[in-house]
Amino acid sequence: MAERMLKFTTVARRTPEKRAAEERNGDFHEIYADFIDAKANEQASRCSQCGVPYCQTHCPLHNNIPDWLRMTAEGRLEEAYALSQATNSMPEVCGRICPQDRLCEGNCVIEQSGHGTVTIGSVERYLTDKAWEMGWVKPLVAAADRGQSIGVVGAGPAGLAAAEKLREQGYAVTVYDRHDRAGGLLIYGIPGFKLEKDVVERRTQRLADGGVTFKLGFEVGKDATLEDLRAQHDAVLIAVGVYAARDLTVPGSGDKGVVPALDYLIASNKKTLGDDVPAYDSGELNAQGKDVVVVGGGDTAMDCVRTAIRQGATSVTCLYRRDKANMPGSLREVANAEEEGVTFEWLAAPRALSGDADAVTGVKAIRMRLGAPDASGRRSPEEIPGGDFDRPAQLVVKALGFEPENLPQTWSAPDLKTTRWGTVKADVRNQMTNLDGVFAAGDIVRGASLVVWAIKDGRDAADAIHRYLKAKAGAPALIAAE
């Protein structure tokens, strides 16, 4: 092993080739090329195989990263893939969109020593893409039929991860989703330049081929109540995510041309998928030829500014009230956006929007500085007197985060308990809500978070449902899936 590993002192860190900004700005294809075999082996060989693998402990799924890096370096690619997918339902998705700079790669021991982190995400993506190419991704095979069924509400990463494990355990699984494609925000919220849609579609097709039933265009509260689903299934998993946009509370925020980030991204993704999108065609949700201002500093804001560039915006500005070091989004995405021509106004916040009810024409903003820490310890932004400035804008995108929808009301389920933030209350030990046999997982429980956390929550919920249904059937409960 020593001959093949610990090469971080002699081999420089390299990421896959990235298309030039002037080339990638004209389309929605992914910006990174695939690793070639030799380069993936070389980069994996940089792993230090440290005794305490901080990359693994800082991965929400606790993926066995050092071992599959070693296998990759040794050319044992099929084994490496098998190990990577043993703990992750969608490794090729996480390899593309996880903020590795804040998780595994950011906590890599050799990164801390100044040698540059192992490119874990790129190797993870390479392994799974290679597995699909070589036929190593096996069909989903269900265990013997248990005679029990589960309804999963939400076809996003949490729901899909749970559906996969439950189907493997022999349950009949039906996934319900309001959209006309499975995948949730993986399809409709994340642009193709970060995650091309066929990557998600081959995963959902594998589930469908394995016997998971998808009922799409199905809206709980309209097509059925929660009680209807409880009567139909032995257990129900709520995995709907959080979709309600936080509002921009400044004068003029209700004017035409001020739009929620998710509405804007969904319209763009639907258009690239070939759908008819009247709001895009009319220009309402289209940045072409416009000065665009995006308010927010998270990954959704980065998706919006980079989408606006590709739609042919005249200018794109991101306003964020804190500095670059304190932004919640991935710094890798900021770097990509800067290369593509986005202007960042750090320590700046909107005070009002100019224009009228028929059209927004600009943003009146104010310079900020970081003051005393708030209750969480984070320094609070405060206005700088006389720091006013203006930016032209015919499209303003609100990317201030997401909140849960009012499920007890919309689902006619007044007994379903929620927190003061509107998220569904679930027991931390078994992810069950206060309603017997109704579980919850993903963002609808933890609030807006990362895809990798949703996958973990979905897998954990599947195990909890399995234990619950075995106990309900009178058999001994198992700690883990069979």
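Reply: Leucine 207 has a relative accessibility of 5% and therefore counts as buried (under 20% relative accessible area; exposed is over 50%, and partly exposed lies in between, with a 1.4 Å probe and protein chains only). The model is predicted, so local features need pLDDT of at least 70 and side-chain atom pairs count only at pLDDT 80 or more, while totals for chains, interfaces and linings use all residues. Residues are numbered from 1 along each chain as its sequence is written, and side-chain values use heavy atoms, with hydrogens and water left out.

Leucine 207 belongs to helix α11, residues 197-209; helices (H or I, at least four residues) and strands (E, at least two) are DSSP runs numbered from the N terminus. Not counting residues up to four places away in sequence, leucine 207 is in contact with Leu140, Leu160, Glu164, Val212 and Phe214, where contact means heavy atoms within 4.5 Å. Alanine 163 is 44 residues away along the chain, yet its C-alpha atom is separated from that of leucine 207 by 7.9 Å.

Histidine 179 is another buried residue, with a relative accessible area of 12%. Its setting is a loop, the one between β2 (172-177) and α10 (185-188). With residues up to four places away in sequence set aside, histidine 179 touches Tyr188, Leu216, Gly217, Tyr243 and Ile266.

Aspartate 457 lies in helix α19 and is buried at 9% relative accessibility. Beyond residues up to four places away in sequence, aspartate 457 touches Gln431, Ala441, Gly442 and Arg446. The helix itself covers residues 451-472; at 1.5 Å a residue, its 22 residues should span 32 Å, and the 31 Å between its end C-alpha atoms agrees with this. The expected span is 1.5 Å times one less than the number of residues. Because 16 of the 22 residues of α19 are buried, this helix is largely enclosed by the rest of the structure. Just after α19, glycine 474 takes a positive phi of about 90°.

Most residues other than glycine have a negative phi. Histidine 62, however, has a positive phi near 55°. This residue sits in the loop between α3 (54-57) and α4 (65-73) and is partly exposed, at 43% relative accessibility. Leucine 347 also has a positive phi, near 50°; it occupies the loop between β9 (343-346) and β10 (348-356) and is partly exposed, with a relative accessible area of 23%.

As for the whole chain, there are 19 helices and 15 strands. Buried residues account for 55% of the 482 residues. Of the contacts between residues at least 6 apart in sequence, 69% join residues at least 24 apart. The radius of gyration is 23 Å, which agrees with the value near 23 Å for a compact globule of 482 residues; this radius is taken over C-alpha atoms, and the globule rule is 2.2 Å times the number of residues to the power 0.38. Along the principal axes, the C-alpha atoms fill a box of roughly 70 × 60 × 45 Å.
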